[in-house]
Amino acid sequence: MSILAVGTVAFDSIETPFGAAEQVLGGSATYLALAARYFHDDIRLVGVVGGDFPDEYVSVLRDSGVDLQGLEVQPEGQTFHWRGRYHYDLNERDTLDTQLNVLETFEPDIPEAYRDSKIVCLGNLEPAIQREVLAQVDAPDYVICDTMNFWIQNTPDSLRETLQRVDCLVINDAETRELAEEPNLVRASEIVRDMGPETLIIKKGEHGALLFSDNTVFSAPAYPLEDIQDPTGAGDTFAGGLAGHLMREGSVDQASLRRGVIYGSAMASFVVERFGPRQLQGLDPVAITKRARAFRELASIPELRPLQEAAA
Ligand code: AMP
């Protein structure tokens with residue numbers, strides 16, 4: 001039983017109101033894999049880097065126990081580089097520069113040994129590439145997918161084709177509204193689920209997450225952190241924690257999905273405490289459980305007394 005994490009492996013240069021970091025390890029596949037690894041031991045990564053990608057960054061993934069057979073190195077090429085700046089409202093960020101580099105010609109070649117993967121996490125990539133990945137996996141039990149406004153605006157038809165093969169879409173509130181062309185999130189969620197995904201998870205940054213599945217809605221709170229340094233990768237970390245937890249439970253029923261959302265939120269709450277994926281190296285599993293339990297406390301509502309007792 002294994003999880004396949006596909007996405008970018010990147011250099012990130014990040015500015016937030018609390019500091020800056022140049023060329024740190026980043027990318028959607030990096031965060032997905034590092035987070036999922038806390039829940040399951042067979043995590044396979046598919047991505048591409050250039051000859052400039054340092055051994056030290058490869059070691060971060062390898063030492064965490066992530067299978068790197070699917071990490072392609074193009075010795076002559078340069079690694080994907082993203083540069084972004086966050087506002088005081090950390091839900092707002094500007095992309096200052098995106099250098100696709102080796103990603104421009106990336107054609108994922110899924111190793112033979114990866115084809116029996118059971119959960120596939122499609123990190124934010126061109127929808128056609130996401131489909132190329134799915135075409136090379138035998139019979140995944142569950143497909144989790146991320147996307148972004150760029151693909152919603154520029155390749156809408158291709159994105160729709162990918163969504164038909166997705167079980168769980170994990171996007172933010174603005175992306176949901178844009179994809180559905182509907183401002184109301186409840187109505188938008190129905191429209192998006194009609195496009196294919198049985199389950200839709202809407203990330204709301206500092207305001208938690210909503211899970212739409214089986215015609216029920218579940219609202220997960222956000223953990224009130226005192227010190228947030230860098231939100232980069234929070235979404236991918238969330239998806240990695242979710243996937244890892246679903247694999248651990250061996251189920252995607254309503255209760256498992258709800259717990260998965262809580263574990264995903266707990267992992268995301270750790271990663272934002274430091275720049276880059278540093279917090280995902282050497283986290284204590286006891287601390288993860290403790291934080292996930294704190295989420296239960298946060299959302300625990302005492303008994304409510306009716307305004308008017310029912311007539312006898
Ligand atoms: P998140 O904060 O979870 O949305 O993901 C941030 C990660 O996405 C960063 O580590 C970036 O390297 C990566 N990223 C940024 N832009 C893109 C893009 N256009 N395609 C794929 N990955 C990207």
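**Exercise 1.** What is the relative accessible area of Phe18, and is the residue buried, partly exposed or exposed?

*Solution.* The model considered here is predicted. Phe18 has a relative accessible area of 42%. Buried means under 20% and exposed means over 50%, with partly exposed in between. Phe18 is therefore partly exposed.

**Exercise 2.** Classify the aromatic pair of Phe18 and Tyr88, and state which parts of the chain the pair ties together.

*Solution.* The structure holds seven aromatic pairs, and Phe18 with Tyr88 is one of them. Phe18 lies in the loop between β2 (10-16) and β3 (19-26), and Tyr88 in the loop between β6 (81-86) and β7 (93-99), so the pair ties together parts that are 70 residues apart in sequence. Tyr88 counts as exposed, at 70% relative accessibility.

**Exercise 3.** Determine the geometry of the pair Tyr223 and Phe295, then locate both residues.

*Solution.* The centres of the two rings are 5.7 Å apart and their planes stand at 35 degrees, so the pair of Tyr223 and Phe295 is tilted. Tyr223 is in the loop between β13 (216-220) and α8 (234-249), while Phe295 is in helix α10 (residues 285-298); the pair thus links distant parts of the chain, 72 residues apart. Tyr223 is partly exposed at 28%, whereas Phe295 is buried at 2% relative accessibility.

**Exercise 4.** Over which ring does the charged end of Arg291 sit?

*Solution.* The charged end of Arg291 sits over the ring of Phe270, 4.0 Å from the ring centre.

Methods. Residues numbered from 1 in each chain as written. Predicted model: local features only at pLDDT ≥ 70, side-chain atom pairs only at ≥ 80, totals over all residues. Heavy atoms only, no water. Phe/Tyr/Trp six-rings, centres within 6.5 Å; stacked < 30°, edge-to-face > 60°. Helix = DSSP H or I, 4+ residues; strand = E, 2+ residues; numbered from the N terminus. Buried < 20%, exposed > 50% of the residue type's maximum accessible area, 1.4 Å probe, protein only. Lys NZ or Arg CZ within 6 Å of the ring centre and 35° of its normal.
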